[in-house]
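Dear colleague,

Please find the structure below, followed by an account of what was found in it.

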Amino acid sequence: MDGFEAVLVAVPPDRWLSPSPCEGWCAIDVAGHVTAGLLVVELRAAGLPLPQDDPDWREVAGEDPVASWRAVRARMTAELTAEALARRITLGFGDVVTVSEWLEHSPVELLVHTWDLAQATGQEVVFEADLVAAALETAREFASRGRAAGKVGPERVLPEGAADQERLLALFGRTPLGG
């Protein structure tokens with residue numbers, strides 16, 4: 001979350017409508033989508049039902065995407081008590097896990113969308129190797145399910161010797177080496 005916030009804070013004011021690697025989305029859509037992801041964590045931690053439909057990402061981002069992110073992040077963090085982390089939830093694919101187990105896999109989406117936001121706004125981001133290694137392991141397990149559900153783009157082919165960050169991004173349909 002700190003990495004995403006660092007990229008979010010550094011978005012130049014004139015780049016919010018710049019196209020992102022997410023087809024049909026611009027930078028503010030990515031910011032709103034990731035912020036809405038924290039709202040989902042907050043609801044799950046509180047034991048509340050999830051909305052039936054996705055919100056409007058730009059509405060979630062609001063007039064000040066950084067302030068929106070920080071407010072939602074603070075509320076979500078406050079909800080993550082020991083009791084909340086032990087709560088069992090059913091995921092979209094039917095898996096039943098604790099909130100804590102679910103959150104162990106969350107860095108994947110945060111990392112990929114941090115890169116998306118950076119790309120849309122002319123920033124470069126290099127993730128910590130340990131975060132990428134853990135996310136890559138999770139991604140290898142879940143990317144095909146996301147692809148089958150139409151939520152993940154086709155995997156990109158990378159040259160031999162590509163770094164783990166590039167492999168992670170390629171699994172999610174990104175073209176990290178500009179090809």
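In the largest nonpolar core, which has 44 residues, L8, L117, L168 and F172 touch the most other members. A nonpolar core here is a set of buried Ala, Val, Leu, Ile, Met, Phe, Trp, Tyr and Cys residues joined through side-chain atoms within 4.5 Å. Buried means under 20% relative accessible area, exposed over 50%, and partly exposed in between (1.4 Å probe, protein chains only).

The model is predicted: local features need pLDDT of at least 70, side-chain atom pairs count only at pLDDT 80 or more, and totals for chains, interfaces and linings use all residues. Residues are numbered from 1 along each chain as its sequence is written, and side-chain values use heavy atoms, with hydrogens and water left out.

Among the elements that give two or more residues to this core are helix 1 (2-9) and helix 4 (65-79). Helices (H or I, at least four residues) and strands (E, at least two) are DSSP runs, numbered from the N terminus.

The count of aromatic pairs is 2. Rings of Phe, Tyr and Trp (its six-membered ring) pair if their centres lie within 6.5 Å; planes under 30 degrees apart count as stacked, over 60 as edge-to-face and the rest as tilted. F4 and W69 form a tilted pair, because their ring centres are 4.8 Å apart and their planes stand at 50 degrees. Since F4 belongs to helix 1 and W69 to helix 4, this pair ties together parts that are 65 residues apart in sequence. F4 is buried, at 1% relative accessibility, and W69 is buried at 0%.

Yours sincerely
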